[in-house]
Amino acid sequence: MKLTEHFTLEEFTRSTTATRLKIDNHVPDDLMVNIHLTANKLESVREALAHPIIISSGYRCPALNNKVGGSQNSAHTKGLAVDFHCAYGNPKQICQRLIMAGIEFDKIIQEYNQWVHIEFSHTNQRRRVLTAVKQNGKTIYLPGLI
């Protein structure tokens, strides 16, 4: 199902973990409004980066989110977050570009210098900027881009 010019529902729900564990990762009807909002916001992200975006993690049903170790309050479970890669540059460069371009987001995280996590909201785009790092085997979130 095509959501926007460049994004499909399949991109948002694809998960090798879900496939391997036979988890049904379909989006409930009541969350489709969030998926559409996220896809539309990602069009602006794609335009700012001038490169295609590869979604590595989009929507996660609660069972899948639990299996991948996601937060219980993860925006992924609401259809309001994606993790992605882009040929534009490394995750820090991508985050810097999106911030400078004035992209509306609720939260952006440079995760372990390996991918970008971006969250959106219907009501409040707080533009929180974080960097996720491992310390003593635990993930910690530092303010700003490190």
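Predicted model: local features only at pLDDT ≥ 70, side-chain atom pairs only at ≥ 80, totals over all residues.
Residues are numbered from 1 along each chain as its sequence is written, and side-chain values use heavy atoms, leaving out hydrogens and water. My element names follow DSSP runs numbered from the N terminus (helices are H or I, at least four residues; strands are E, at least two).

**Entry 1: the sheet**

I looked up the strand order and got an open sheet of six strands, β1-β2-β4-β3-β5-β6, with mixed pairing. Two strands pair here if DSSP finds at least two bridges between them. The edges are β1 (53–57) and β6 (138–143), each with a single partner strand, so one side of each has no neighbour in the sheet. On average, neighbouring strands are turned by 30 degrees against each other, direction ignored.

Then I went through some pairs. β3 and β4 run antiparallel and are joined by five bridges. β2 and β4 also pair in the antiparallel sense, over four bridges, and there Phe-84 has Val-116 of β4 as its bridge partner. β5 and β6 run antiparallel with six bridges, and Lys-134 stands opposite Thr-139 in β6.

How covered is β4? I found four of its five residues buried (under 20% relative accessible area; exposed is over 50%, partly exposed in between; 1.4 Å probe, protein chains only).

**Entry 2: helices on the sheet**

Next I checked what packs on the sheet. α3 touches β1, β2 (81–86) and β4, and its direction makes about 25 degrees with that of β2. α5 touches β2, β3, β4 and β5, and its direction makes about 160 degrees with that of β3. Contact means heavy atoms within 4.5 Å; axes are lines fitted to C-alpha atoms, for helices over the stretch in contact, and angles run from 0 to 180 degrees between N-to-C directions.

At what angle do α3 and α5 pack? I read about 105 degrees between α3 (residues 32–49) and α5 (residues 91–100), with the axes 10 Å apart. The two are therefore roughly perpendicular (65 to 115 degrees; under 35 is roughly parallel, over 145 roughly antiparallel, the rest oblique). Val-45, Ala-48 and Leu-49 of α3 meet Ile-94, Arg-97 and Leu-98 of α5. I sorted these contact residues into five nonpolar, no polar and one charged. For that sorting, Ala, Val, Leu, Ile, Met, Phe, Trp, Tyr, Cys and Pro count as nonpolar, Asp, Glu, Lys and Arg as charged, and the others, Gly among them, as polar.

**Entry 3: positive phi**

Most residues other than glycine have a negative phi. Lys-22 sits in the loop between α2 (16–21) and α3, and is exposed at 76% relative accessible area.

Tyr-112 takes a positive phi near 55 degrees too, in the β3 and β4 hairpin, which has three residues between the strands. Tyr-112 is partly exposed, at 26%.

**Entry 4: Arg-127**

Last, I visited Arg-127, in the loop between β4 (115–119) and β5 (128–135). Arg-127 is partly exposed at 32%. Leaving aside residues up to four places away in sequence, its contacts include Leu-98, Ile-99 and Phe-105.
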